[in-house]
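Please look over the sequence and the structure before reading on.

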Amino acid sequence: MERDTKRPKLCPMGTITKLTVKDIRFPTSLEAHGSDAMHKDPDYSAAYVIVESDGSEHKGHGLTFTVGRGTDIVVLAVQTLSRLVVGKQLADIYGNFATFWRELTSETQLRWIGPEKGVIHLATAAVVNALWDLWAKIECKPLWKLLADMSPEELVSTIDFRYITDVLTPQEALKILRESQPHKADREAAIKRTGYPAYTTSCAWLGYSDEKLSRLAQEALRQGFTRFKVKVGADVEDDKRRCSIIRKEVGWDKIIMVDANQRWDVEEAIQYMKNLAHFKLHWIEEPTSPDDVLGHAAIKKALAPFGIGVATGEQCQNRVVFKQFLQSGAMDFCQIDATRVGGVNENLAIILMAAKCKVPVCPHAGGVGLCEYVQHLSVFDYICVSGSTENRVIEYVDHLHEHFLDPCVVRNGCYVVPEMPGYSIEMKPDSLAAHEYPDGHTWKELRAKGLIEDK
């Protein structure tokens, strides 16, 4: 993997001695939190990873987001990957992170159940993000600051450019990063003053009653939000009513976007959105299959006269799929996800490709821990890549933050830049113990009350 890069100047010393993974689940389905047209009863969950080394007292924490059943499968995949991690020298990982990342994603037999997609890639994200959390804690910096303080050469050394050099070469990535170097200090100071713009999804999950939609929209306005997302896709008349409620509550000067969570065929999406266009919608998110690049392009073209953009990415499998969306012009908004692709390294590649293609990055964060994660990626994007928050926004959902040691903070509709060392993803020990599935006491109590039935 030769390129015009150099290894980080100083790498932590020591060896990875242990990797632990837990099946953590929260019973969000009981109150319809997270419900949408395709996922009506999600229990926000995580395959939760802890890595330990003999070179530091710190532990690296990472998770990959799931919605209940199937989390145990991701846990097994993490356990299988662990043999590629335990025993590794930290200097060998961080000193050439791109090479390690490729070793992890290209193991000669495991790659057959990917490659670089699905369960094995979700597992990769949990492991890789835990390693970044460990590195940031060792350096006593929040993850965004660890990245921002790296030179362009050091950042590029963490990225595997295989399969994407027809859109972004290492030299082009270096050029983008070098252009921001003189502005980094001013941008860092600016984003700390203003925070990073957020939109809320928590007011309009598909399973909420009309009364709850109204009440939560009013609360979000009082909290300073100016951007709101409504889940749609199951029934057009029902969605007209729900969009009408939100528009009435927030007014016509605020931004509303809608999200179908992959519900429709291409022509169905076009016709459905024409029926909602009078609500003055900013974007339609995931209108069709997340793998259908050409379908998204057709939808984007058809809806452009109505002023409706197309946003997607939360279930794009890897940087290659993002590459195709970006080079074909099939997305107006690039929605990276902290755990769907292979962790920080792959997201850096996607952010840089989006910058070259002039597509704004608006991370997906609808899931446990995702808000905590992606704030770091957007702050890095602002400081080191884009230098702008125009047409850029991070999703915010107001669920489960109380379980984290360093929960994200949103004030006046903007994320406050995190300052605690690490990736903000470490959960409280009591929360981990209570929600470990199936024997944590939260799940035992729900079973005893007859509120859940294991399936």
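Predicted model: local features only at pLDDT ≥ 70, side-chain atom pairs only at ≥ 80, totals over all residues.

**A pair within one helix**
- Lys 175 and Glu 179 form a salt bridge, with 2.7 Å between their closest N and O atoms.
- Both residues belong to helix 7 (residues 170-180); because they are four residues apart there, about one helical turn separates them.
- Lys 175 is exposed, at a relative accessible area of 52%, where the cut-off for exposed is over 50%.
- Glu 179, at 47%, is partly exposed.

**A pair between two strands**
- Glu 285 is joined to Lys 229 by a salt bridge whose closest N and O atoms are 2.8 Å apart.
- Glu 285 is in strand 7 (residues 281-285) and Lys 229 is in strand 5 (residues 227-231), so this pair ties together parts that lie 56 residues apart in sequence.
- Glu 285 is buried, with 0% relative accessibility.
- Lys 229 is likewise buried, at 0% relative accessibility.

- A salt bridge of 3.0 Å, N to O, connects the side chains of Asp 253 and Lys 254.
- Asp 253 counts as exposed, at 60% relative accessibility.
- Lys 254 has a relative accessibility of 18%; it counts as buried because the cut-off for that class is under 20%.

**A network**
- Salt bridges link Lys 141, Lys 145, Asp 149, Glu 188, Lys 192 and Glu 419 in a network.

Note on methods. Residues numbered from 1 in each chain as written. Heavy atoms only, no water. Salt bridge = Lys/Arg side-chain N within 4 Å of Asp/Glu carboxyl O. Buried < 20%, exposed > 50% of the residue type's maximum accessible area, 1.4 Å probe, protein only.
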